[in-house]
Amino acid sequence: MSLLDSARTDTLPKLLQRNAEESPGAAGIREKTRGVWQTLSWADYNDNVRDFALGLASMGFARGDKLSVVGDNRPQLYVAQLATQALGGMSVPVYQDSIASELVYVLGHAETSVIVAEDQEQVDKALSLKDKLPNLRLIVFDDPRGLWSYDDPVLRSFESVVAAGRAFGKSNPDFYAKELAKGQADDIAMIAYTSGTTGNPKGAMLSHRNMIAAAEAFIEVNDTKAGDNWLSYLPMAWVGDAAFSLGMALAGKLVANCPESPETVQRDLRELGPHAMLAPPRIWENMLTIMQVKSGDASPLKRRVFEHFRALAERCELKRTDGKPLSVAERLGLAAGELFVYGPVRDQLGLRNARWCYTGGAPLGPDTYRFFRSFGVNLKQVYGATEASALISCQADAEANPNTVGRPMPRIDIRIDDNGEVMLKGPNVFVGYFKQDEVTRDTLTGEGWLKTGDAGFFDKQGHLVIIDRAKDVGKLTDGSAFAPQFIENKLKFSPFIREAVAFGHEKPMVVAMIAIDVQTAGTWAEKKGLAYTSFMDLSRKPEVAAMIGEEIAKANATLPDVQQVKRYLLLNKELEADDAEMTRTRKVRRRFVAEKYAAVINAFYSGAKQVQVTMDITFEDGRKSSLTTEIAIHDVVAGQPARKAA
Amino acid sequence: MAGASAQRAEALEGDNQLVVAGVSKKFGGVTAVQDVSLEVPRGAILSIIGPNGAGKTSLLNMISGFYKPDTGRIELAGLDITQKKPSQIAALGVARTFQNIALFSGLTVLDNLMLGRHVRMKAGVLSSVIYWGMAQKEDIAHRQVVEEIIEFLKLQDLRKQPTAALAYGLRKRVELGRALALDPKLLLLDEPMGGMNQDEKEDMARYILDVNQERGVTVVLIEHDMGVVMDISDRVVVLDRGRRIAAGTPDEVQRDPAVIEAYLGATKGGGRT
């Protein structure tokens, strides 16, 4: 029976109340502060939500009002969201690293009346926007640090709201229970603003039904137990965090753990040893890089042991995926490796307790993927979208595969549209975009099918395979299909390439702009004895360009002839969300980049060897400056890769 | 003993946290400080500025008890501390940082800060041996104080790092943390921003203001960056060749002809760092 069938469990704050009644003493949410993991039991968690909700109510927060949280993952910010929902309001989490001008759009569009800010930095941003936000009545801060001289009347501390709530609760003893009972499954729980690769962000309205249905479906097909730990380190404004840290945590009684600070995530991860883990590809790649660097720094004996067992593990993993049996020697080797290498490595990475791990959002390089699988990390792919409450499909343990995104989750129907677009229908499909009916009609068909905007197909096994964003798939002048992301992902599998943007729609050939990975490319340059001062300097070294050329040639070897990258250049700065070149979730805003670098793209096809580029740079505080430089354009030398890729 | 005198200090507390009256100090034939007086109201930030060799650090050393003045008197909250030992003065709530960072470079950030709690620790060797539980309980209480400081100075990710491995600006911050661990009423900072870049200076200025406002600590500061001094100080005292040549609010001092002359003269004479 679904949780949604009972009026006692059909909203997120009601689920919290259930958890507090059924397991009052069990851990509900945890946060590391002052070096110690501090636990709130389900009962404490529920009390906090109740008191904060009563505090908001005493200050005039009414049903349908919107509250925004902005900051790193903190229990108080989850409490604030649930308190809002308990009062029939909507939570609107926003990205903590947004600059003020981005925030003002979302907060204004969402008609936010209360902002709960983590600290001084966020309070400053909120205060600077106060005059542009007519609905804003209250700014609540969690950490009072540095706020001693602030006397703006809209400011309140989190504790003072809780205290007001306790007082209000004394004189209105059954207020909270009544408000909670008014909540229904189809009320809007949150408005999740998608950072959108084009245009302004859109606010996807997700109901309690959406979020609970998605959580239930995910729990059904994944091994989760009450009390499992989960590290809540991904941005709170990203719907995936809401799906896990709120939806699944409440539905399945999992414990959300908030790290001490963004800088300590890796260490906190290891201390905690969560039972499950979700991370975008760049974090997996980063972990692999750290392992490689550490093994490189180890003593020769240790390094040789590591390399030996790593090679063995990868060999066995390949055999396993091909369905071939392992020899006795290999089995013994793996057992020894588990003791000396694989187990300790998993422990170092904080994955010793993880029963399953997911990667999603973008494809993960097959080498990285194989490394983790072979070291005994149950890494699988998940696919989702904000409009589908974060979750659409995932892989079963036995069917892990880097090339697919698995099977649709229970109760979700997927069909492929005539033009190849992935469409889905299910209880997790969102209600619509907030105040954007026209866009909603474009996205949601009359029969309730959601257009994901992704082009994909089902493979023989019945797994969904995603190729690219449907609207990005274009044609080269010779008529062959051009899927930029597909090509870019192949390029980005190189450790030296951080970002790549491929062009080719209605053009005779494929070209690419590359942003190098300054860490790996920098290490490479140091080993070659190349001195460099900055990202820009490094990206202008001809040796680096030649090295990247070889990397592209390697990627080309895995691509059909017409899809191969023929010319490329190295950008002299990283693509930045602050410059609007990427979304806050680090997806390239292709159209914006194409416009911004129009001169570069023309130069690619005119055969020029050099191009002059003027770039606007936005600093963190919103200041802008521009920079004009010459960037060299290189040709990929065909058939000259150092070693042919398989 | 220290506890008893601290209590007395509290009872005697007047409006001034620190009073320096007619203090002089000679090293052989060189007069480092000559007849300098100053008053630091409780809760204020007072900066001591002046060209190189003006006697700023010597004055600070006399306040913290490293040097004994030849003449004059130093009072901490009404209590005469002129002849007290540095450890006694520290126990009265005076903490300091040094111009050249003086941390234990082999120890971690956490251990350096815990050491700062040392004067506040009561369990001696004997009681630690005989009754471990009490010493452990005390240790936990001190750790709590130190963790608050770690959070305050945003050092969470560096807890277990040996200080030798830290960047210069961070080491300065750790040194401030160690001074704070003493739970001071009066904080003496000797060039806390020396050798820092602009960002680090701004951060440090922020921390000093927060220490002053949130923790209610009186601050005496030696600093060369005039921008910072004028921004954060309530009062400024100017020394030149051991003498006090001006005192007042930042505005008053900036307009004082004696100050302008001392500074221009010093620049001609080889400059200051």
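Into which domains is chain A divided? Chain A has domain 1 (3-259), domain 2 (276-352 + 354-383), domain 3 (403-467) and domain 4 (473-635), with bounds that come from an automatic or database domain assignment. Keep in mind that this is a predicted model, in which local features need pLDDT of at least 70, side-chain atom pairs count only at pLDDT 80 or more, and totals for chains, interfaces and linings use all residues. Residues are numbered from 1 along each chain as its sequence is written, while chains are lettered from A and ligands numbered from 1 in the order in which they are written.

Let us look at one pair of domains. Taken over C-alpha atoms, the centres of domain 1 and domain 4 of chain A are 39 Å apart. Their contact involves 11 residues from domain 1 of chain A and nine residues from domain 4 of chain A; two residues are in contact if their C-beta atoms, placed from the backbone, lie within 7 Å.

Now for two single residues. A:Ser389 is not a glycine, yet it has a positive phi of about 55°. You can find A:Ser389 in the loop between β14 (379-383) and β15 (393-394) of chain A; strands are DSSP runs of E with at least two residues, helices are runs of H or I with at least four, and both are numbered from the N terminus. A:Ser389 counts as buried because it has 33 C-beta neighbours inside 10 Å. The cut-offs are 20 or more other C-beta atoms within 10 Å of a residue's own for buried, 12 or fewer for exposed, and in between for partly exposed, with C-beta atoms placed from the backbone.

In chain B, B:Asp183 has a positive phi of about 60°, although it is not a glycine. B:Asp183 sits in the loop between α7 (168-181) and β7 (186-190) of chain B. Because it has 16 C-beta neighbours inside 10 Å, B:Asp183 counts as partly exposed.
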